[in-house]
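I opened the file to look up ring packing and the ligand site. My entries follow the order in which I checked things.

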Amino acid sequence: MAGKETSETFGRIPTALQHAGKEYRLGSGLVGAVEQSVTFATAAVDDMPVYARLSNTINHKEICALVAALHGSPAAQVFASGMAAVHAVLTTVLQTGDHLLIQENCYGTSQGLAQKILARWGIESTFAPLSEWKRHIKPNTRALFFESISNPFCIPQNFATALEAKKISGAMLICDNTFASPINCRPLQHGVDVVVESATKYLNGHSDLVCGVVACQEDFSQKLAQTAMYVGGFLSAAGCMQLAKGMRTLHVRMRACNENGRAFAARARNLEGVAEVFHGSLMTAESNVFADFGGMVGVRFAPQIDVPMLMRSLKLVSDVPSLGGTETTACIPWWTTNRWMSDAEKRRLEIDGQLVRFSIGLESADDLIADLESSLTASRRN
Ligand code: PLP
């Protein structure tokens, strides 16, 4: 649904996060109610809710207004998962005979969607690092897909390269902004056409809801709404209500994640047994694109560290494949996010069993580093 308000309507992001999408009327609650009904007796009136799958109840509109305000976009849509959002965007843009250029080393399931589903409908995909995109552009390239901060290495990507490919190809540039969140990166403000986010992660932020969002222009939003109507994949009104509650504290959580991510990355780098640390704060990234780098940190441990034992030894870090919650979590991409790839392919992409993807939460960074330090001692091979 279109979110008519933009960040300009509300001033700065923290203000927009408290007020976008709220409809105060005399006698209305400070917090809205959940529109549980499947259908509504307003079918003849434009823009009124008709049926829940059309995603236009007051709860859906609240999320769309929030997402539009965060990204400064004319419109937004909400979905039942990040993958439902990615699928809806790609199938709205692409048709049989088209070519998709997709960043190599991005979220495994997005790659799988291209290889296992889109390929069946005659849509060809090329996987390549952004630095090589230019030479893979074809006359039928219709969509370019990349992650602002890539999964699983947590590396901020070069927008200038992506934008150059967009200019040469005339294709739609789509950015998965899940790891950055709109607090750290607002891709539409830098020339990207469409932003998708797994709202399951930072936007909701409490590891208790699967959902996805898209921020885009009004005309694309309307096409997306058509796709969503036919395909389904809508988030329930109760889910929207829960997501709104999570989103309203996004800026505060991200501030803590940014600080903790930086502190953890800087200090982990100096620990014995740590070979490499990946975090935007340790690299040169486009400073006009990223405000900060969040809590996603990639750590490659030295060969003498038994990584599965390290994961079992960590007391404050749960070994789970999701991210972006209030608590610190971690996973070994070799066994989880990239499990479906052949071992040879993973090695080619430098994903080995020593790489751990941390999602640093809101704990004290001192405690997290102390936990890592003692777990490193406990998991050193003799
Ligand atoms: N994009 C990225 C970068 C992700 O990490 C994930 C999930 O981990 C998704 C998309 C898919 O999101 P969801 O699990 O909400 O479908």
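I started with Phe290: is the residue buried or exposed? Its relative accessibility is 5%, under the 20% cut-off, so I put Phe290 down as buried. The model is a predicted one, and I read the values accordingly.

I then counted aromatic pairs in the structure and found seven. For Phe153 and Phe278 I get 5.1 Å between ring centres and 80° between planes, so I noted the pair as edge-to-face. Phe153 is in the loop between β4 (141-147) and α7 (159-169), while Phe278 belongs to strand β8 (residues 274-278), so this pair ties together parts 125 residues apart in sequence. I have both Phe153 and Phe278 as buried.

Next I went back to Phe290, which forms an edge-to-face pair with Phe159, at 5.8 Å centre to centre and 90° between the planes. Phe159 lies in helix α7 and Phe290 in the loop between β8 and β9 (296-301), so the parts tied together here are 131 residues apart in sequence. Phe159 has 1% relative accessibility and therefore counts as buried.

Last, the ligand. I count 14 residues around it, with Gly82, Met83, Asp176, Ser198 and Thr200 the closest. The shell holds five nonpolar, six polar and three charged residues. A polar side-chain atom of Asp176 is 2.6 Å from a ligand nitrogen atom. For Thr200, I noted 2.6 Å from a polar side-chain atom to a ligand oxygen atom. The protein covers 91% of the 380 Å² of accessible area that the ligand has on its own.

How values were computed: Residues numbered from 1 in each chain as written. Predicted model: local features only at pLDDT ≥ 70, side-chain atom pairs only at ≥ 80, totals over all residues. Heavy atoms only, no water. Near = heavy atom within 4 Å. Polar contact = N/O pair within 3.5 Å; in protein donor to acceptor, adjacent residues only side chain to side chain. Areas by Shrake-Rupley, 256 points an atom, 1.4 Å probe, with all protein chains shown as cover. Nonpolar A, V, L, I, M, F, W, Y, C, P; charged D, E, K, R; others polar. Phe/Tyr/Trp six-rings, centres within 6.5 Å; stacked < 30°, edge-to-face > 60°. Helix = DSSP H or I, 4+ residues; strand = E, 2+ residues; numbered from the N terminus. Buried < 20%, exposed > 50% of the residue type's maximum accessible area, 1.4 Å probe, protein only.
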